[in-house]
Amino acid sequence: MSEEGATVEVAVVVNGTPRTVAVEPRKLLVQLLRDDLGLTGTHIGCDTSQCGACTVHVDGQAVKSCAVLAVQVDGSAVTTIEGIGSEGALHPLQDAFWTNHGLQCGFCTPGMIMCAADLLARDPDPDEPTVRHAIEGNVCRCTGYHNIVRSVMAAAAAMRDAEAGTSQPTATAQPSAS
Amino acid sequence: MIPAAFSYTRPASLAEALSLLAGASDGTKVINGGQSLLPLLKLRVAEVDRLIDIGRLGELQGIRPGADGGLVIGGAVPYTAVLASPLVAERCPLLAETIADIGDVQVRNRGTLGGSVAHADPASDLPAAMLALDASFVTRSSAGERVVAADGFFHGAFETDLRPDELLMELRIPGLAAGTGTAYRRLAQPASGYSLVGVAAVVRTDAGRVVDARVGITGVGEVAYRARAVETALLGGSSVADAAAHAADGQVVASDIHADAEYRGAMAVVFTRRAIEAATVRAG
């Protein structure tokens with residue numbers, strides 16, 4: 001089946017919805033998401049696994065979807081930026097990026113948020129150097145990163161508050177929050 | 001960028017994987033995380049006819065204690081799992097220190113230890129640590145199993161002792177004797193993050209004297225190597241600075257747009273000194 005055009009079926013749960021798609025083995029996960037499923041929130045920035053704009057979660061872990069074959073996620077759960085919040089109910093990270101001006105052009109933002117979500121799932125209370133290390137694989141040309149780091153710190157605080165059952169104020173910049 | 005067309009097989013068992021490899025053509029390549037291979041395929045620096053995906057074979061998973069206070073790590077274990085392992089933190093902090101800065105989180109979630117060792121990129125960090133730790137690799141084909149020492153496994157850039165019909169099953173890392181300190185120090189190319197120079201040092205001291213030393217260096221020569229002249233000098237009572245001066249002895253030092261041979265050779269000496277100093281302090 002090495003001839004061009006031969007396809008294999010991939011069954012994958014994307015943002016909670018089971019999908020089955022016939023793909024060529026060489027198709028990348030990012031192409032499956034964007035071209036076959038129309039989920040264009042996942043961006044292609046560099047296409048050489050440096051920029052992180054294509055970051056999505058596979059079985060809960062952040063990956064660069066331009067460096068994963070679609071056939072490799074057969075049987076997995078994939079979460080994209082479209083799957084973590086909606087316009088009426090933003091994810092705390094989406095809310096915090098908005099509130100703290102964590103984006104300008106917005107191109108890197110979906111990948112940045114998916115990468116930050118991976119960090120906060122492992123470490124709900126990261127310090128600033130930890131956040132900076134965690135987003136090392138995501139490139140932003142607008143913000144200079146300071147407001148992105150602030151946004152992630154604010155989202156972490158908001159998520160901890162929500163977890164503790166306390167009132168959940170709008171996430172605001174707290175550079176000194178630990 | 002889209003790779004040239006290939007076929008893809010995900011064997012359901014180790015036996016099936018080995019039997020596929022036994023009869024495989026030259027254009028067959030094993031894939032797991034794919035973090036080195038896929039970028040090469042996308043750039044069409046490499047082309048394959050067929051990929052055999054070993055990512056879900058249970059036999060290549062797991063981090064276990066070794067009999068001698070060491071570690072056994074499955075060939076398909078991703079970096080992230082090693083970094084999260086309390087057993088690794090306890091028994092082999094050098095391993096965690098070496099891989100903490102490989103790529104980025106996304107790459108470490110997919111990339112595997114066995115993949116890095118089998119790929120043998122001359123700038124990859126892990127081989128330096130494997131050499132300094134005196135690790136060995138268990139390989140298997142349908143003909144049987146081999147245990148190959150890391151020292152001698154790396155033949156050249158992207159060339160190893162691994163045969164085309166073999167899988168790298170596990171990495172065996174011996175335990176460290178009491179009084180041993182370890183450290184990894186590297187000079188990263190600022191844009192790519194790849195190591196221009198990476199030095200792993202394992203040093204055992206007794207009453208302030210170095211009684212055992214192993215130094216693995218990556219990024220400098222054609223492939224990672226044991227810096228035996230450095231080790232010999234240390235054991236002979238040389239100062240760390242004098243010993244480190246031998247870091248690139250016998251090597252054809254790599255030269256490229258990021259670091260010419262003179263600079264790279266000089267940095268090999270500096271980072272060798274730093275790694276040995278840090279390991280010695282930790283040895284207590």
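Are A:Lys64 and B:Asp104 buried or exposed? Both A:Lys64 and B:Asp104 are buried. Here, buried means under 20% relative accessible area, exposed means over 50%, and partly exposed lies in between (1.4 Å probe, protein chains only).

This is a predicted model, in which local features need pLDDT of at least 70 and side-chain atom pairs count only at pLDDT 80 or more, while totals for chains, interfaces and linings use all residues. Residues are numbered from 1 along each chain as its sequence is written, chains are lettered from A and ligands numbered from 1 in the order in which they are written, and side-chain values use heavy atoms, with hydrogens and water left out.

## Salt bridges

A salt bridge is a side-chain nitrogen of Lys or Arg within 4 Å of a carboxyl oxygen of Asp or Glu. Over all chains, the whole structure has 22 salt bridges. One of them joins the side chains of A:Lys64 and B:Asp104, at 2.6 Å from N to O. This pair crosses between chains. A:Lys64 sits in strand 4 (residues 61-64) of chain A. B:Asp104 sits in the loop between helix 5 (93-99) and helix 6 (105-110) of chain B. Helices (H or I, at least four residues) and strands (E, at least two) are DSSP runs, numbered from the N terminus.

| Pair | Distance, N to O |
|---|---|
| A:Lys64 and B:Asp104 | 2.6 Å |
| A:Arg122 and A:Asp118 | 2.7 Å |
| A:Glu128 and A:Arg132 | 3.2 Å |

Take A:Arg122 and A:Asp118. They are 4 residues apart in helix 3 (residues 109-122) of chain A, so about one helical turn separates them. A:Arg122 is partly exposed, because its relative accessible area is 48%. A:Asp118 has 3% relative accessibility, so it counts as buried.

Next come A:Glu128 and A:Arg132. Both lie in helix 4 (residues 128-134) of chain A. They are 4 residues apart, about one turn of the helix. Why does A:Glu128 count as partly exposed? The reason is its relative accessible area of 31%. A:Arg132 is partly exposed too, with a relative accessible area of 31%.

## Aromatic rings

A pair of aromatic rings is described by the distance of the centres and the angle of the planes. Rings of Phe, Tyr and Trp (its six-membered ring) pair if their centres lie within 6.5 Å; planes under 30 degrees apart count as stacked, over 60 as edge-to-face and the rest as tilted.

How many aromatic pairs does the structure hold over all chains? It holds 3. In one of them, the ring centres of B:Phe137 and B:Phe153 are 4.8 Å apart and the planes stand at 70°, so this pair is edge-to-face. The two residues are 16 apart and link distant parts of the chain. B:Phe137 lies in strand 6 (residues 136-141) of chain B. B:Phe153 lies in the loop between strand 7 (144-149) and strand 8 (154-156) of chain B. B:Phe137 is buried, at 0% relative accessible area. B:Phe153 is buried, also at 0%.

B:Phe137 has another partner, B:Phe154. Their ring centres are 6.1 Å apart and their planes are at 75°, so this pair is edge-to-face. It runs from strand 6 to strand 8 of chain B, across 17 residues. B:Phe154 is buried, as is B:Phe137. Together, B:Phe137, B:Phe153 and B:Phe154 form one aromatic cluster.

## Cysteines

A disulfide is a covalent bond between the sulfur atoms of two cysteines. The cut-off here is a pair of cysteine sulfur atoms within 2.5 Å. The search of the whole structure finds 0 disulfides over all chains. For A:Cys108, the nearest cysteine sulfur is that of A:Cys140, 3.8 Å away. A:Cys108 counts as buried, because its relative accessibility is 12%. For A:Cys142, the nearest cysteine sulfur belongs to A:Cys105, 3.8 Å away. A:Cys142 is partly exposed, at 31% relative accessible area.

## Strand 10 of chain B

Strand 10 (residues 167-173) of chain B has 6 of its 7 residues buried, so the rest of the structure largely encloses it. Two strands pair if DSSP finds at least two bridges between them. Strand 5 (residues 71-74) of chain B joins strand 10 by 4 bridges, and the two run antiparallel. Within strand 10, B:Leu171 is the bridge partner of B:Ile73. Strand 6 of chain B also runs antiparallel to strand 10, joined by 5 bridges. There, B:Ser136 stands opposite B:Arg172 of strand 10.
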